[in-house]
Amino acid sequence: MNAVIIVFPGTNRERDMAIALERASGRKPTMLFHRADSLPAGTDLVVLPGGFSHGDYLRCGAMAAQSPIMQAVKDFAARGGHVLGVCNGFQILTETGLLPGALLRNATLRFLSMDCHMRVERAGTPFTANWRQGDVFRAPMAHGDGNYFCDEETLARLNGENLVAFRYATPDGAITPAANRNGARDNIAGILSPNLRICGLMPHPEDLVDPLMGGEDGLPMFTSLVESLATA
Amino acid sequence: MSTLPIPLDTARAKQLSAEFGLKGDEFDRVLAILGRTPSLTELGIFSVMWSEHCSYKSSRVWLRTLPTKAPWVIHGPGENAGVIDIGDGLAAIFKMESHNHPSFIEPYQGAATGVGGILRDVFTMGARPIANLNALRFGSPEAPRMKRVIDGVVRGIGGYGNSVGVPTVGGEVNFHPAYNGNPLVNAMTVGIAPKDRIFLSAAAGIGNPVVYVGSKTGRDGIHGATMASAEFSADSEEKRPTVQIGDPFTEKLLIEACLELMATDMIVAIQDMGAAGLTSSSVEMAGKGGVGIELVMDNVPQREVGMTAYEMMLSESQERMLMILKPGREAEAEAIFHKWELDFAVIGHLTDTGRIVIRHKGMVEADIPLAPLESEAPLYRRPTAETPKQPVLDAASIADPVGPLAALTTLVGSLDLCSRRWIWDQYDSTVGGQTVKRPGGADAAVVKLEGLKRGLAITTDCTPRYCQADPEAGGAQAVAEAWRNLTAVGARPLAITDNMNFGNPEKPEIMGQFASAVRGMAAACIALDFPVVSGNVSLYNETEGRAILPTPAIGGVGVLEDAAQSIGLALKPGLDLVLIGDTKGWLGQSLWLREIAGREEGAPPPVDLAAERRNGDFVRARILEGTVAACHDLADGGLLVAVAEMAMADGTGATLTAPPAGVAPHGWWFGEDQARYVLAVTDGAGLVAAASAAGVPAAVIGRSGGGDLVLAGGSSISVATLRAAHEATLPALMEGRAA
């Protein structure tokens, strides 16, 4: 799998992502600065990592969505390419329109840094193949603007077409308000594009891929991608 | 072009010098050095360079007595941060620095720029920052403005550290009314660099270009260093314009651009523009290198129109660095900074005159000889008065009004012992993917080095109430506790940074606190092989004449050959609990005495440095041989609080044996005797035997299991109940809600 991590000014979780991808694939991903206007030939996966692109001084991800490289990412996605956006990367995906909805300020009006649990709502995708439907896994979250919002029509479509990838849950899998720290609509933590090749989520599975750091709960996402894209 | 600056009228200059904070004969020294009356810019330069904040004029004679050397010390005090050898060809670069005064005036920006400033001190030496910590002291939450200060400081630290992408992995918080008018915000950064690629600040190479990079210069923070060198009065809010504004995004770009440039061979010297901005960076770099420096203010990137040379030299605008480059490399370096969308400007060159010359709009605005600016700087050995010794309290003579479990419940919910989760949940502690022990999981934070097995353990410590009662014992205790916390995770303690927060040094009792604290720290550093490699002094922490508790905050760094060998403090079921160290039941200055008996008095617990060393070395060896499942040092609150913290961490209870004969029960449970640890092991008897052979006091005091904390005799409390009390305090206080 040839993975490319896009680095915007202010991106800060690109190394975490590279560690997770290398742990799953045995190959170092390529780091690509946002000024580039094309992706390397043979790119299998584009990753938009976490951070504060352009300081997030405008709406989170709004500036990065206008970066030169994003046209190439949109073209890549239009050709059926696989794209993962985590945290700020998810925000950028919604700002570019590659995924619907928006990430609002956390309902607590505070930055939230803690482990959360997510229930796998859609197994069998390139991002979730190594989980079973309903599995619960843990991951750190660290964001000020992770409160997923979309209108009724979009929500009905996401639910109707089974495009919600992950929901915030209790450790035993219950979808409760208390498990939904940032106030996301319908406890939505991550969503998929209709072709199941674009995924955005707020928490950081890339920061939980090593028992030494507290567990390997996040690793299945990356092994799923490696196995799915090895044959793609 | 005029060749001499235009002097101020002498009477006006003398009056201004007092406003700028120059005292006593300091203005006469300026006249003697220049041989004439200074210009406004020159007076500004002298006053900030000779401010307490920049010159350490009251503290230097004492700081010199601290031990600063060890075989693993690469650079001790005197550089932007301390540098130690941590193995694998790497160096750890670290320092702690205060931003007390700005954080009280404007909590969010004060705390945020404190984090930004200490990050720059570390990456300016070539290190990638890998961890931030912070040591905070707040007043009573009921004091005016204090909740707003707490909220703003925590948001500011998070707002800056989270954005810049350096994990905030630990720290400490105390509350005491002595900080009502003067909270303390001490920020620490640890970075990693190849040990043969350390960048220093001494300028060299006559003619070499002086380069300014980073943010533009504005009018913020002018005379911030002077403000930080004076007491507060009731009108301190009027000083808000002296507080700087932080921009973590620019800092992040600056880190990446500087590290990219540092991978080349273009840099001769580099220093961040911290307190006193362009003035201190240019004066210190040229002064250390023994060269002259000439700067053209017209070339300084400016955020506002019409700025004067005086304003530019005194501005403390954030996220700026000054570098000396090798000649002819300007274009290559500029390309890197433009890639990161940062300003880059050649603003001058080095000269052989030994003078700093500031030019602006065709005029010379300052022309000062550098050597006397440093050598003639004021240095005071101020009068000291010893703190009177307090009586030793006998636990047996103090009534226990409530019994151990009721006291425990109160203590774990008290401000100084309650869960800090509300705070650390606002700090990104995992960015970087190397955080092995997060806040609350162990006595020290543990961060692995990317791509290696090796890890660092990091902690900050100080017990100000001990320092108030006995500054010498308190100074020693702060160092010993840092050493103990590193030991308790299995790390080998290497070195410390100190952040000396005290009141007005012109008062003999305050200067006496300072001198005594340094004496205690020095003794502990020597006994524990734990030298001081960097530090910061913050004096004049007083508002309307009331001083803070003396607070020599210690930041300690230790190394683990294999981060996987580190252990945390959470109990697991089925283990023996072994108490290491001698327990006399010392209640003087304990939290039990304050929170349960309502008394703040007595001598603090003595620090036996030989016992500290012996017990700690024994504990560390057991951890590294892999026989210890959990370890926690005994500090605030004593034995029962420590066991409760181990229980609450993972919900596993314990049954404890009765206090031994000869120790008052409340002294046994809550005494704060030093040099002690609780270890959870599978073979308690074996551990006690090994301890005995090593001359280390040890006893099995209980066994883990169940969901309750059970005392001999059968009284018990559920860990869930304790946890509820422990977690409720800060959310209730700050959000008005349950945890």
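Is B:Arg120 buried or exposed? At 1% relative accessibility, B:Arg120 counts as buried, where buried means under 20% relative accessible area, exposed means over 50%, and partly exposed is what lies in between (1.4 Å probe, protein chains only). This is a predicted model, in which local features need pLDDT of at least 70, side-chain atom pairs count only at pLDDT 80 or more, and totals for chains, interfaces and linings use all residues. Residues are numbered from 1 along each chain as its sequence is written, chains are lettered from A and ligands numbered from 1 in the order in which they are written, and side-chain values use heavy atoms, with hydrogens and water left out.

**Chain B as a whole**

- Chain B has 25 helices and 28 strands; helices (H or I, at least four residues) and strands (E, at least two) are DSSP runs, numbered from the N terminus.
- For 739 residues, a compact globule would have a radius of gyration near 27 Å, and the 26 Å of chain B agrees with that. The radius is taken over C-alpha atoms, and the globule rule is 2.2 Å times the number of residues to the power 0.38.
- Along the principal axes, the C-alpha atoms of chain B fill a box of roughly 90 × 50 × 45 Å.
- Of the 739 residues in chain B, 66% count as buried.
- Take the contacts in chain B between residues at least 6 apart in sequence: 85% of them join residues at least 24 apart. Contact means heavy atoms within 4.5 Å.
- Chain B carries 61 positive and 84 negative side chains, with the centres of the two sets 1 Å apart. Lys and Arg count as positive and Asp and Glu as negative, while His and the chain ends are not counted; each charge is placed at NZ of Lys, CZ of Arg, CG of Asp or CD of Glu.

**Around B:Arg120**

- You will find B:Arg120 in helix H7 (residues 107-123) of chain B.
- Leaving aside residues up to four places away in sequence, B:Arg120 touches B:Tyr160, B:Glu251, B:Leu254, B:Asp272, B:Met273, B:Gln318, B:Glu319, B:Arg320 and B:Met321.

- In helix H1 (residues 10-19) of chain B, the buried residues are B:Ala13, B:Leu16 and B:Ser17. They cover an arc of only 105 degrees around the axis, so they sit on the same side of H1(B); the arc is that of the directions from the helix axis to the C-beta atoms.
- Helix H2 (26-34) and helix H3 (40-49) of chain B are what the buried residues of H1(B) pack against.
- On the face of H1(B) turned away from its buried side are the exposed residues B:Ala11, B:Ala18 and B:Glu19.
- Helix H13 (residues 330-339) of chain B has B:Ala333, B:Ile336 and B:Phe337 buried. Their arc around the axis is only 95 degrees, which puts them on the same side of H13(B).
- The cover over the buried residues of H13(B) includes strand E7 (209-214), helix H10 (248-262), strand E10 (320-325) and strand E11 (343-351) of chain B.
- Just after H13(B) comes B:Glu341, with a positive phi of about 60 degrees.

**Positive phi in two loops**

- B:Ala276 is not a glycine, yet has a positive phi of about 65 degrees. Its place is the loop between strand E8 (267-272) and helix H11 (277-289) of chain B, and B:Ala276 is buried, with a relative accessible area of 1%.
- B:Asp529, also a residue other than glycine, has a positive phi near 55 degrees. B:Asp529 is in the loop between helix H19 (508-527) and strand E18 (532-538) of chain B and is partly exposed, with a relative accessible area of 41%.

**Two buried helix residues**

- B:Gly667 belongs to helix H23 (residues 665-670) of chain B and counts as buried at 0% relative accessibility.
- Not counting residues up to four places away in sequence, B:Gly667 touches B:Ala395, B:Gly585 and B:Leu587.
- B:Gly667 and B:Gly638 are 29 residues apart in sequence, and their C-alpha atoms are 8.7 Å apart in space.
- B:Pro731, in helix H25 (residues 719-735) of chain B, is buried, with a relative accessible area of 7%.
- Along the chain, B:Pro731 and B:Ile423 are 308 residues apart, while 9.4 Å separates their C-alpha atoms.
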